[in-house]
Amino acid sequence: MLNWFHRLGSPKIFFEISGRWQVPLLLLSVLMLTGGAAWALLFVPPDYQQGHSVRIMYIHVPAAILAQSGYVMMAGAAAVFLIWRIKLADVAVKCIAPLGASITFLALVTGAIWGKPTWGTWWVWDARLTSTLVLFFLYIGVIALRSAMERQAGSR
Amino acid sequence: MRFESLSAFFYMDGHGVYIWAAYGLTLVILAANLWWPMLARRNIIRTAKSAMLKGMNSQRPEDQS
């Protein structure tokens, strides 16, 4: 088991495996996203308070969950890289950062778009919204720090 | 189906603008997340190839001497 895990940490083997899984997983995710979007837009009844705006919830909530879990994933990968020096973990951190930032941005904007017809305002400075904004800045910070370090390493 | 006509589907009792904006932005961000790594991959392969060619060219004069 541990041996298998170590093999997966080798960039060469990981590259082969992920290349093989890429297309089937892409097709599966396209299928599920279209199915989910069709369900959310066509079949779900309007909410008794939110009306049709409840349809935004079907993208806003998954985006917010992904935004948070992306950060946890990034922290886990960074810890693995710092402790065991598995190079692939650092690659994972690098790949998650822009993905997480874009999804956090999506969660923030869809939340604002939902808030306007529901609360009557685009933004309030409450704990959840503010902490999600801070999460977005954290992602941006990780991206900026990494690009600065890479530029320094390249100029040496 | 929850809608009686296509225009009712787009209007959604006045919430259509918000819903379609949210779904449109989602599509854009998901597409960008696919497109950007593909572009980055192409750039990496291109720079690696040109670096390799440069390495070969710089080796040649040494071989002659």
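Reader: Into which domains is chain A divided?

Author: Chain A of this predicted model is divided into domain 1, residues 1-43, and domain 2, residues 46-155. The C-alpha centres of domain 1 and domain 2 of chain A lie 20 Å apart. Contact between these domains involves 6 residues of domain 1 of chain A and 5 residues of domain 2 of chain A. On the domain 1 side, the residues divide into 4 nonpolar, 2 polar and no charged.

Reader: What confidence does the predictor assign to chain A and where is it lowest?

Author: The mean pLDDT of chain A is 90, and 98% of its residues reach 70 or more. Within chain A, confidence is lowest in helix 1, residues 2-8, at a mean of 75, and highest in helix 3, at 94. Chain B averages a pLDDT of 84, with 86% of the residues scoring at least 70. For the model, ipTM is 0.84 and pTM is 0.86.

Reader: How do you know what span to expect of helix 3 of chain A?

Author: The expectation rests on 1.5 Å a residue, counted over one less than the number of residues. Helix 3 of chain A has 31 residues, and 45 Å is therefore expected. From its first C-alpha to its last, helix 3 of chain A reaches 45 Å, close to that expectation.

Reader: Which residues of helix 3 of chain A are called buried, and what makes a residue buried?

Author: The criterion is 20 or more other C-beta atoms within 10 Å of the residue's own. In helix 3 of chain A, the buried residues include Arg55(A), Ile56(A), His60(A), Gly70(A) and Met74(A).

Reader: Why is Asp13(B) called exposed?

Author: The limit is again 12 or fewer neighbours. Asp13(B) has 11 C-beta neighbours inside 10 Å, so it counts as exposed. Its place is in the loop between helix 1, residues 6-11, and helix 2 of chain B. The phi of Asp13(B) is near 55 degrees, a positive value in a residue other than glycine.

Reader: What makes up the largest nonpolar core, and which helices supply it?

Author: This core has 23 residues; among those that touch the most other members are Ile56(A), Ala63(A), Ala107(A), Tyr18(B) and Ala22(B). Helix 3 (54-84), helix 4 (87-119) and helix 5 (127-155) of chain A, together with helix 2 (16-64) of chain B, each supply at least two residues. Helix 4 of chain A gives the largest share, 9 residues.

Reader: Which residues does Tyr18(B) touch?

Author: Leaving aside residues up to four places away in sequence, Tyr18(B) touches Ser53(A), Ile56(A), Ile113(A), Trp114(A), Lys116(A) and Pro117(A).

Reader: How many residues does each chain bring to the contact?

Author: Chain B brings 15 residues and chain A brings 19 residues. On the chain B side, these divide into 10 nonpolar, 3 polar and 2 charged.

Reader: What share of chain B counts as buried?

Author: Of the 65 residues of chain B, 9% count as buried. Chain B contains 2 helices and 0 strands.

How values were computed. Residues are numbered from 1 along each chain as its sequence is written. Chains are lettered from A and ligands numbered from 1 in the order in which they are written. This is a predicted model: local features need pLDDT of at least 70, side-chain atom pairs count only at pLDDT 80 or more; totals for chains, interfaces and linings use all residues. A nonpolar core is a set of buried Ala, Val, Leu, Ile, Met, Phe, Trp, Tyr and Cys residues joined through C-beta atoms within 7 Å. Helices (H or I, at least four residues) and strands (E, at least two) are DSSP runs, numbered from the N terminus. Two residues are in contact if their C-beta atoms, placed from the backbone, lie within 7 Å. Ala, Val, Leu, Ile, Met, Phe, Trp, Tyr, Cys and Pro count as nonpolar, Asp, Glu, Lys and Arg as charged, and the others, Gly among them, as polar. Domain bounds come from an automatic or database domain assignment. pLDDT is the predictor's confidence in each residue, from 0 to 100.
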